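Please look through the model below before reading my comments.

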Amino acid sequence: MIEDVIRTGLHQALEKYGIYEDDIAIVVGKPRERSHGDLSTNLALALAKRLDRKPREFAGELAAGISFPKDVIESVEIAGPGFINFRVARPYQVGRLLEIASGEALADIRTGGGKRINVEFVSANPTGPLNVVSARAGAFGVTLVNLLDAVGYDAHSEYYVNDSGRQIQLLGQSLRAHYMQLRGDVVEFPADGYLGRYLEIMAAELLDHDSEAIQRAASAFDDESFQRVVAPEGNADDWLELPEDKSVRCFAKYALMKILSWQRETCRRFGLRFDTWYFESELHETKRIERALDKLRKANAIYEEQSAVWFRATDYGDEKDRVVVRADGRPTYFVADVAYHYHKFQRGFERAIDFWGPDHHGYIARMQGAMTALGIAADWLEVQILQHVTFLEHGRPINMSKRKGLFVTMDELMDEVGADVAKYIFLTRKPNSHLDFDLDLAKEQSNENPVYYVKYAHARICSVLRTAAAAGVTVPQPDAAGLSRLSEPSEWSLVRELVRMPQVIVSAARSREPHRLTAFIHEVAGLFHQFYHQCKILGEDADVTASRLQLCLVTRQVIATILQLISIEAPESMGDKE
RNA sequence: GCGCCCGUAGCUCAGCUGGAUAGAGCGUCGGCCUCCGGAGCCGAAGGCCACAGGUUCGAAUCCUGUCGGGCGUACCA
């Protein structure tokens with residue numbers, strides 16, 4: 001990397017002053033102001049005091065003491081209070097641009113060595129349709145999976161389904177009550193039951209469905225893990241004949257089947273795919289929970305008190321101990337989660353990344369504590385907290401409650417503003433920023449959304465290429481001769497930005513900050529639009545046209561690469577704006 | 001009370017490991033299509049970076065405190 005070349009040169013120059021490589025970390029960065037060159041270091045400022053020198057003078061002396069190959073660094077200047085600014089030579093930039101065009105640049109950043117990483121996200125309770133709260137997690141999760149793959153890991157996306165416990169019983173009771181009400185039976189609705197319209201509709205459908213229709217719906221689940229939620233035999237009236245607890249279980253299973261099919265479809269529509277849907281019920285059936293408890297017991301990490309079983313979380317940095325088995329003998333959600341993550345570890349993942357909401361941050365310490373107690377390295381489980389999104393409608397926050405059936409679904413979000421617009425909005429924010437999402441404003445402005453600015457740049461390039469083809473102009477593959485002929489400032493501004501792509505991807509992956517991708521691609525699109533307005537591409541001198549077409553090709557490739565990482569379509573044309 | 005996150009333009013948000021004149025989108029105002037797509041380009045207005053101290057040659061960025069907002073502090077999930 002060019003930064004390393006500069007650092008090495010500076011280190012050599014510093015030896016004269018008795019300062020060696022281990023002594024100081026040289027910071028080389030990109031100055032905000034274009035006129036300050038391509039790269040800059042504050043080295044002289046940082047060392048001035050230590051060497052008792054005037055910064056600017058020292059900078060000049062340092063700069064004079066190093067020489068770089070002319071085809072890498074074009075010039076070195078001293079500026080301001082003592083910055084040393086470097087201008088990168090054009091042949092070097094062209095070389096990096098060609099590495100992007102050939103795919104070599106993307107190959108070079110694949111340094112993960114194929115290590116397996118599990119990324120778990122969304123994992124919404126299967127008690128209703130996915131609501132908008134999951135959209136942010138979805139956008140981040142899928143992008144991180146793509147990013148990790150891009151830097152050479154083997155990333156695996158996973159969705160955890162809480163298909164057991166009280167909430168599922170409640171779901172079954174709620175559907176059963178809705179159904180009985182529709183039949184005209186007098187029935188008491190369960191306290192805290194689910195009141196959403198979707199359950200009423202589901203109940204109405206059940207009235208029309210004979211057992212065959214129900215089995216047909218069930219057969220939509222082809223993959224194995226979903227088999228555990230396919231609807232039971234018979235129809236709803238048959239289920240009512242059963243003893244109440246069995247009856248509730250039949251209704252619960254049917255509801256789970258329907259809801260999971262919605263959730264899976266919503267994910268697909270939003271561009272999310274999961275390699276694994278992991279069901280909590282499997283943990284109970286395979287005795288993984290007992291086994292996790294045994295393992296904790298052997299590690300002396302649990303004890304009994306007041307007839308409950310506790311995990312010694314305080315021994316692992318949590319503020320209090322946590323119950324793992326209730327006094328009535330039922331395991332807690334927490335211990336199921338421990339067993340689940342232990343199984344993740346056993347499945348051979350070298351790291352697990354979970355996306356959680358801010359309401360779970362207090363949960364991190366006990367979870368990581370449990371992992372440590374099980375003998376797993378402290379940093380194996382990485383928890384990314386995605387801060388809360390406040391959805392506003394008519395200027396007021398929407399209070400969402402799944403239980404009361406009050407929420408905006410992800411499908412509604414996609415209907416109203418579109419999947420790509422929604423994703424782009426989430427992905428321009430960093431994960432720990434609280435976000436106000438005004439639905440009315442988003443609808444109103446969905447046509448003005450910045451995502452179209454980027455898509456348009458891509459479509460525009462495609463259009464130019466089509467026009468060129470129609471005019472019989474051959475579009476040349478990028479090469480050194482062609483790209484070196486670029487001469488206009490707007491062309492080089494674009495080149496300098498394009499060349500950053502590999503590092504942007506690496507930094508976004510490493511910091512788990514996908515918004516660096518959208519910031520970058522927006523910049524690229526802007527510079528392309530400027531270039532387009534300042535430089536005519538077709539109908540110029542043949543060489544000039546060829547060079548500019550090459551630049552277009554690389555730009556299109558960069559935009560397409562980034563859009564693919566954020567799961568947004570790169571269109572060849574824009575269609576009509578409403 | 002304690003813990004986590006956040007306070008940057010009218011609104012929604014960027015600002016990479018402290019740097020040289022704090023940016024973008026939307027909104028407002030003014031220009032640009034006989035020319036490769038005007039979902040574009042050019043320009044203007046708009047900021048005590050919540051507040052107060054501190055560290056530093058240098059702070060939106062690091063530290064402390066204050067104020068304001070969100071969330072958590074379950075034998076719920």
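Predicted model: local features only at pLDDT ≥ 70, side-chain atom pairs only at ≥ 80, totals over all residues.

1. Residues are numbered from 1 along each chain as its sequence is written, chains are lettered from A and ligands numbered from 1 in the order in which they are written, and side-chain values use heavy atoms, with hydrogens and water left out.

2. Strand 11 (residues 351-356) is largely enclosed by the rest of the structure, because five of its six residues are buried (under 20% relative accessible area, with a 1.4 Å probe and protein chains only). Helices and strands here are DSSP runs, helices being H or I of at least four residues and strands E of at least two, numbered from the N terminus.

3. Strand 11 pairs in the parallel sense with strand 5 (residues 116-120) over four bridges, where two strands pair if DSSP finds at least two bridges between them; V119 has I353 of strand 11 as its bridge partner. With strand 12, strand 11 also pairs in the parallel sense, over five bridges, and F355 is bridged to Q384 in strand 12. The chain passes from strand 11 through helix 15 (residues 364-373) to strand 12 in a right-handed β-α-β crossover, that is, one whose path from the first strand over the helix to the second runs clockwise with the strands pointing away from the viewer.

4. V383 belongs to strand 12 (residues 381-385) and counts as buried because its relative accessibility is 16%. Leaving aside residues up to four places away in sequence, V383 touches D354, W356 and I364, contact meaning heavy atoms within 4.5 Å.

5. Strand 9 (residues 308-311) is joined to strand 10 by three bridges, and F311 has R322 as its bridge partner in strand 10.

6. In helix 22 (residues 501-511), the buried residues are M501, P502, V504, I505, V506, A508 and A509. These buried residues pack against several helices, including helix 4 (90-102), helix 6 (133-150) and helix 24 (542-565). Just after helix 22, R512 adopts a positive phi of about 55°.

Note on methods. Buried < 20%, exposed > 50% of the residue type's maximum accessible area, 1.4 Å probe, protein only.
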